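Biologist: Could you take me through this structure? I would like to begin with the overall picture and then turn to some details.

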Amino acid sequence: MIDVAAIKAHAKALLEKGTVRAVIGYRNSTAGLLAEPFVFTGPESVDDLIYGPSCVQNLALYLVNDKKERAHHKSDDARPVAVVAKGCDARAITVLLQEKHFLREAIHVIGVSCEGTGVVDTKKLARKLGGKHAVEIDFDGGEAFAVTTADGVQSLPAAEIMAERCLECRGAHPQLADIAFGEAKTDRALHTPFQAVKHKMKEEQDNRWSFWARQFDRCLRCYACRSVCPMCYCEECVVDSIQFAVLPDTTAEEKANRIKWIERSPNRSESAMYHMVRAIHLAGRCIDCAECERVCPVNIPLRLLNTRLEMEAFETFDYNPGSDMNAPTLTSSFKDTDPNSFIR
Amino acid sequence: MANVQETAKDEPGFEPKIVAFLCKWCSSAGSDLAGVSRLQYPSNAVPITIMCSGSMSPMFVLSAFNKGADGVLVSGCHPGDCHYLKGNFYARRKIYLVQKLLQFIGLENDRFRMSWVSAAEGVKFAGVVDEFVKDVKKLGPQTRLKAKR
Amino acid sequence: MTKTMAMEKMLNKADLAAWMGKLETHQLFAPMLEDEGVWNYAPVVKAADVALDQPNTVRPPKDFVFPQRETLYRFEQVRGEAPVLTETLPDPQPSVVFGVRPCDSRGLVRQDIVFTKEFDDPYFQGRRAKTIFVGQACKVPPSPNCFCNSVGGSPSSEDGLDLLMTELDGKYHVKAVTQRGADLLAKGGALFKEASASDKAAVAKAHESAKAHPQRPIKELGKVAGALKQNFDSKAWDEMAKACIGCGICTFLCPTCHCFDINDEVTCSSPCKGERVRTWDTCQFPDFTMHTSGHNPRETLGSRLRQRVCHKFQYFTENHDMPQCTGCGRCISLCPVGIDIVSVVERLGQP
């Protein structure tokens, strides 16, 4: 079992010695069962650090946010920032390093293994508890979660309430880490990878369209899927226009002719554009943390959409995002053996 | 809401609008050759010249469908013939991914196509467009990704 | 609101569908299960399926009066001539929305203030006038993050409603709050029985016991605005927003948020043709406060969190003598990273 006290001690030592600026980790939230990402800056604050099945968020996002914030405050503190990283978080960090978003020396990765389990899916948990309200969740040995409700603590098999992405996870132990905690279990033998997307692909095309059309119709365009994605770090997203430089000599015509790729209206065609652009942009970059799907307030199955091209990357192009920070990216490389028969 | 049913197949007189993104160095010249050779082929394709098939943004494809294109064609140089040496290899990967994604969300397979057409292949270009127009005619107007305006 | 209008009737639960059947002049809406755990208002297809005891909807009922997209007008130009504008004021079919929780109906009161007090918004009012809201008193807080009591509301508040329904074993107690609510009741005819003194007592008891359920507390509501004002420059805003990802969930799904953006959706640029539309916007997006100069006065997530909290608990209170927040708890429950407005107010909004 993972030794949370040891993670804490390590984080505390880092901050006491001052070798890192801050430690990005998790603490308990007042809002509900799931943890809250938190940036620990003082050694005494580390007492609040937690690690458990409630730590669902991908903390690689906060490295991206940290970079933005430092630029805003013009910070000149050159010390690295430490981050607690599960297998998926570490893969995300690897992709960011591969894309030269920041330097390897700028981060200190505190790897945590998911061992035989993963993180909780609150919807599955609610289904399992049938109306009872969980207030706490923790690891219970290698294959179960201990769930606390008003009736006391019960042990539930992790595989039954674990997030789908964890069931299909291909790397539960962080490969990129300066220090790693927990046992490196590789033989998880849960679901076969890309199971969900392959199942969907078997459907008739017209049925698939009805399915996705319904999802696009429901989209709120709150952009939570984009905001939570560590790979969505574009200075200007295609749906916004914050970087369009309006200079004193910008003419009305230039403003009027500025290309608006996607309208703000939350309707089917525009939401379809938005989600498709994101899916394409994540090709070979999505490391399947499935945060987009988790945060969607109306349950749009975004993981299904985004893992479609991950499957293609993995099976057709033999490319595994987040496995090698020195490899060229999927779309900046090619092979002579790439599929060609689809071209006329 | 119930727009899924509106697949008016084989509409009489339906002339599909095809947006063709053509590489300046090959396919665009190929289309010119088809023209100066007085080849008869459908006039449904609206050509847009791009510098290289590798410069093709997936956004162009999606935007064309959003604005009402019934089919989108991307055409570049044969492998090994790229003016910029390897742009078409990048394009191949990218377009392959876009195609898979479009098919996954349920856009009809025949609406998005890629071809290799050199500057000398006027006849091939006419053939590619002819075949594409025939296939898209069978599908009828593209309604799935088109903006309702 | 005069006492004479306070009409109180009883309806058997089994007769709800029959009453709905008599309202064919109106389009009916009720919360329906859209996806696992996602309830949203949808047109009533089969009245017998309406349950009214579900958790609260993900989208608040503000959609009915302030839809996410509203066409303001159309424009079209003949080449060489001035563009012609066509008004597109909404003229919706009269509708009745069932199952509105009191926090959300109090949200409508706040929307009313924004769209009628200083400026009469014909789009909002056109929809408001045609929509009847039937409330559903809460028996127990539908979410662990409910705090309506803490912001001056209650699980049986009538504010903003036309009718309030309270479930008592096997029956609904239905109280008409407005005249149009009373008219709707009258359409049920004999389905409704006059509420007896014991029914009224039972309802009062039910409301009291609902109010007694523990909720998230805000200790001194009256002093929150002042404290927030004091803490405007606090470093804690940035610290509390560290986890914030900058999405629009908390604001889009807030029953009281009302900010919008106006855009031209152009289908042809010359000669011009298109629509001017307004869509929801949120202070949490980076382009919300972006100036044309390129300067963004609210560039950090901390300043955006501060804007959201202060608007709910300080600016609105200063302008309209009531907190804007109605305690539905959506922004807490649906926040991807657990940012909790009650905790924020507790930390920076208490003397």
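Modeller: Of the 344 residues in chain A, 49% are buried. Please keep in mind that this is a predicted model.

Biologist: How many helices and strands does chain A have?

Modeller: Chain A contains 13 helices and 9 strands. Its radius of gyration is 21 Å, close to the 20 Å that the globule rule gives for 344 residues, so chain A is as compact as a globular protein of that length.

Biologist: What box do the C-alpha atoms of chain A fill?

Modeller: Along the principal axes, the box is roughly 60 × 55 × 45 Å.

Biologist: And what share of the contacts in chain A join residues at least 24 apart?

Modeller: The share is 70%, counted among contacts between residues at least 6 apart in sequence.

Biologist: Let us move to chain B. At what angle do helix 13 of chain A and helix 3 of chain B pack?

Modeller: The angle is about 140°, and the axes are 10 Å apart.

Biologist: How many residues of chain C are in contact with chain A?

Modeller: There are 40 residues of chain C in contact with 36 residues of chain A. Among the elements that give two or more residues to the chain C side are strand 2 (27-35), helix 8 (249-252) and strand 12 (272-280). The largest share, 3 residues, comes from strand 11 of chain C.

Biologist: How do the residues on the chain C side divide?

Modeller: They comprise 17 nonpolar, 13 polar and 10 charged residues.

Biologist: One last topic: is V342(C) buried or exposed?

Modeller: V342(C) has 23 other C-beta atoms within 10 Å. The cut-off for a buried residue is 20 or more, so V342(C) is buried. This residue lies in helix 11 (residues 341-348) of chain C.

Biologist: Which residues does V342(C) touch?

Modeller: Leaving aside residues up to four places away in sequence, V342(C) touches F147(C), R216(C), I218(C) and I332(C).

Definitions and conventions: Residues numbered from 1 in each chain as written. Chains lettered and ligands numbered in written order. Predicted model: local features only at pLDDT ≥ 70, side-chain atom pairs only at ≥ 80, totals over all residues. Axes fitted to C-alpha atoms, helices over the stretch in contact; angles between N-to-C directions. Helix = DSSP H or I, 4+ residues; strand = E, 2+ residues; numbered from the N terminus. Rg over C-alpha atoms; globule rule 2.2 N^0.38 Å. Buried ≥ 20, exposed ≤ 12 C-beta atoms within 10 Å, placed from the backbone. Contact = placed C-beta atoms within 7 Å. Nonpolar A, V, L, I, M, F, W, Y, C, P; charged D, E, K, R; others polar.
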